[in-house]
Amino acid sequence: MLVNGKRLLEDARDKGYAVGAFNVNNMEIVQAIIEAAEETQSPCILQASQGAIKYAGLDFLFALAKTAAEITTVPVAIHLDHGTDFDQIVQCIRAGFSSIMIDASKYPLEENIERTKRVVEIAKPINVTVEAELGKIGGTEDQIVVDERDATYTDPEEAKIFVEKTGVDSLAVAVGTAHGVYKGEPKLDFDRIEALSKAVSCPLVLHGSSGVPYDALKKAISLGISKVNIDTDLRLSFTDGLKDFLKENRDNFDPRKILGPARENMKKAVIEKMEVFGSVGKAWR
Ligand code: G3H
Ligand code: ZN
């Protein structure tokens, strides 16, 4: 069931769990996530990054995600991840995305507010949810690269002003996570999460959540994170499944035989995340 992102996140915030937002790139990945969601009755978000759109094409990717959302009974939002281009955001809205992210976090505060507001103005009247980012999340997510030295934590006072002025539905915050594979163990700033959650009226989003210890994720959720973005861990589970199969079956040349175990392995990883996020059994009809 395709739903608006705002409704998903508000339900999560009200009930103290988080919705998993998983990055999709092809049919097997979409199927792995949707089967996990269906099996555990977890609401979820299928999200497309810039790299995914470049790889699969917007139309293919949306058609896959829409089919998945329509055949399952669990609530699913289709979301544009890290949208940086206004024209592309319009294309996604026209295609039927139920949620989009405008990432203008690399600009100074006033410009971030202006760019975000412009998107809110076109999305809100047609019931499309808008996520924005304040502060700078380090690491690499496809084309978005933020050097560790340039990463800046989100300031709660600034966040309050940002949300009031833009009217966004959810806010991605920089609180110690980074995109990609971590070199050491990430340290989340829990006091900041708590302060942010008190300061702003909308649900908070955690990016760069792969590799974050599960107890830290659970604590972050208990303090107010309502959407948890996972990409890298899914890629790892997919390719691990694929490599394991090929190790045992070197001569196999059937893509279905090779991609099937990759899909299965990813499905297990998604279920594990959904259990950690507390979204299991939270689907409504
Ligand atoms: O926007 C997507 C996420 O923030 C994914 O981050 O690859 O570190 O899980 P990750
Ligand atoms: Zn991200």
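## Terms and model

Helices (H or I, at least four residues) and strands (E, at least two) are DSSP runs, numbered from the N terminus. This is a predicted model: local features need pLDDT of at least 70, side-chain atom pairs count only at pLDDT 80 or more, and totals for chains, interfaces and linings use all residues. Residues are numbered from 1 along each chain as its sequence is written, and side-chain values use heavy atoms, with hydrogens and water left out.

## Pockets

A pocket is an open set of points on a 1 Å grid over the protein atoms alone, with protein on both sides within 12 Å along at least five of seven lines; lining residues have an atom within 4 Å of a point. Grid points are joined across faces, edges and corners, and a volume is the space filled by probe spheres set on the points.

The largest pocket has a volume of about 380 Å³. Its lining counts 24 residues, with Gly-138, Gly-139, Glu-148, Ala-178 and Tyr-182 closest to the centre. Both β6 (138–141) and β9 give two or more residues to this lining. β6 gives the most, with three. By class, the lining has ten nonpolar, eight polar and six charged residues (nonpolar: Ala, Val, Leu, Ile, Met, Phe, Trp, Tyr, Cys and Pro; charged: Asp, Glu, Lys and Arg; polar: the others, Gly among them).

The second largest pocket holds about 190 Å³. Strand β7 (residues 144–146) gives the most to its lining, with three residues. Other residues there include His-82, Asp-103, Lys-136 and His-179. The classes divide into four nonpolar, four polar and four charged.

## Cavities

A cavity is a set of grid points where a 1.4 Å probe fits but cannot get out. Three cavities reach 30 Å³ or more. Of its 16 lining residues, Glu-141, His-179, Gly-208, Asn-229 and Asp-231 lie nearest the centre. β3 (76–83), β9 (178–179) and β11 (225–230) each give two or more residues to this lining. Its classes are two nonpolar, eleven polar and three charged.

The second largest cavity has about 50 Å³ of space. Among its lining residues are Gly-5, Leu-9, His-79, Glu-131 and Lys-227. Here α1 (5–15) and β5 (129–134) give two or more residues.

## Helix α6

Helix α6 (residues 109–123) has 15 residues and spans 21 Å from first C-alpha to last. That is close to the expected 21 Å (1.5 Å times one less than the number of residues). Asn-112, Ile-113, Thr-116, Val-119, Val-120 and Ala-123 are buried in α6 (under 20% relative accessible area, 1.4 Å probe, protein chains only). They lie on the same side of α6 because they cover an arc of only 135 degrees around the axis, taken from the directions from the helix axis to the C-beta atoms.

Technical notes:
Chains are lettered from A and ligands numbered from 1 in the order in which they are written. Buried means under 20% relative accessible area, exposed over 50%, partly exposed in between (1.4 Å probe, protein chains only).
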